[in-house]
Amino acid sequence: MSISGAVSLNGDRKLGVYGPSVCPLTFGAMLIARDPDLSYGVSPALLRALEGGVTMIDTARIYPGSEDIIGATLAAWRGTKPLVSSKIAPLSVDTFRHYAPISCAFTPASIRASVEASLKALGVERLDVVHLHQWFYLWSFEPDWRETLLALRAEGKIDQIAVSAQDHEHDAVLKVVEDAHVDVVQFIYNVFESRPRVSLLPMTERRGIGTIARCVLDSGALSGMMDEAAFKAHHFLSGTNVGEYHRRLEGLKRAFLDRAVDSLDELAIRFVLSDRRVSTMTLGLVSVAEVERALALVALPPLDEADIEAICKNHVWTKNVYERLV
């Protein structure tokens with residue numbers, strides 16, 4: 001499916017009650033440095049996404065080269081400036097896997113330094129969304145991180161305050177959402193990980209918090225195009241039980257292909273966007289071809305309610321492919 005020009009991306013959604021309007025598809029820039037057509041630091045994939053109607057870019061301070069490439073690409077872009085969402089660099093990657101006090105990952109000084117570095121790399125005066133790049137439940141009782149971000153907001157350097165739930169720990173952010181101490185949360189949500197539908201998403205809706213779904217394609221595995229060698233070579237998926245993964249993919253194919261959808265990636269994307277409580281989903285897009293495919297799939301209608309119910313009841317899979325990474 002190829003699309004030229006802007007498309008209707010299922011209509012704009014709101015990034016929370018008081019947040020800006022945002023398209024359902026957000027350009028995930030974690031691997032933007034791998035754009036095969038990168039030229040003078042400018043990403044044709046990102047330019048195509050913006051041309052196609054995407055209105056937000058999701059990155060992080062620790063994504064290699066990402067913010068610099070986004071900055072160069074935005075300088076070359078002549079259209080409406082998109083929203084930029086970035087994540088604050090933790091002091092140590094060890095805290096992604098093992099609990100530590102918040103001071104081991106984020107301090108007022110490190111939060112401020114990361115925001116300043118992102119502003120400079122991106123070439124913008126304000127970050128539209130700023131996340132703490134990870135979150136543990138007990139951090140919800142600490143005040144310093146939020147006071148620092150509120151001060152940065154008062155200075156005009158950031159707008160929306162967010163946290164990103166690492167791995168499948170979406171329930172870890174429930175208290176900070178219930179207390180309305182954030183404007184936005186980011187979390188894993190896909191056809192195998194549908195549990196946020198009955199925990200986090202009802203709470204974000206109640207509190208008017210914006211939501212960014214990630215890992216919609218489960219780090220690419222839900223494309224259905226990866227063989228065992230591709231799994232083993234993938235940074236996030238190398239520890240996966242490939243046989244079990246393929247068995248579950250076959251279950252999805254038998255249940256939904258040809259009858260409800262034409263492909264697994266279509267199923268994955270339509271499942272997430274069928275939930276109107278999802279403000280937007282971030283997809284890691286490396287090439288123009290991947291952007292074209294994503295734009296086409298996002299323009300499709302929601303799944304039938306019966307298919308959504310079947311996914312949630314019959315295909316939920318509790319796993320964590322990230323636990324061996326650090």
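The largest pocket has a volume of about 1500 Å³. A pocket here is an open set of points, on a 1 Å grid over the protein atoms alone, with protein on both sides within 12 Å along at least five of seven lines, and lining residues have an atom within 4 Å of a point. The volume is the space filled by probe spheres set on the points, which are joined across faces, edges and corners. Of the 48 lining residues, Met30, Leu31, Ser219, His234 and Phe236 are the closest to the centre of the largest pocket. Two or more lining residues come from each of α9 (264-273), β10 (280-284) and α10 (288-298); the largest share, four residues, belongs to α10.

This is a predicted model, in which local features need pLDDT of at least 70 and side-chain atom pairs count only at pLDDT 80 or more, while totals for chains, interfaces and linings use all residues. Residues are numbered from 1 along each chain as its sequence is written, and side-chain values use heavy atoms, with hydrogens and water left out.

The lining of the largest pocket divides by class as follows.

| Class | Lining residues |
|---|---|
| Nonpolar | 26 residues |
| Polar | 12 residues |

Nonpolar covers Ala, Val, Leu, Ile, Met, Phe, Trp, Tyr, Cys and Pro, charged covers Asp, Glu, Lys and Arg, and the others, Gly among them, count as polar.

Eight strands close into a barrel with parallel pairing, in the order β3-β4-β5-β6-β7-β8-β9-β10. On average, neighbouring strands of this sheet are turned by 30° against each other, direction ignored. Strands (E, at least two residues) and helices (H or I, at least four) are DSSP runs numbered from the N terminus, and two strands pair if DSSP finds at least two bridges between them. Parallel strands β7 (residues 158-164) and β8 (residues 184-188) are joined by three bridges, and Ser164 stands opposite Gln186 in β8.

Helices lie across these strands. Helix α4 (residues 144-154) lies across β5 (83-88), β6 (127-132) and β7, at about 155° to β7. Helix α10 lies across β3 (25-28) and β10, running at about 160° to β3. Angles run from 0 to 180 degrees between N-to-C directions of axes fitted to C-alpha atoms, for helices over the stretch in contact.

Arg207, in helix α6 (residues 200-207), is partly exposed, with a relative accessible area of 36%, because that class lies between buried (under 20%) and exposed (over 50%), using a 1.4 Å probe and protein chains only. Leaving aside neighbours within four places in sequence, Arg207 is in contact (heavy atoms within 4.5 Å) with Val177 and Glu178.

Notes
1 Å grid on protein atoms, 1.4 Å probe; cavity = no way out; pocket = protein on both sides within 12 Å on 5 of 7 lines; lining within 4 Å.
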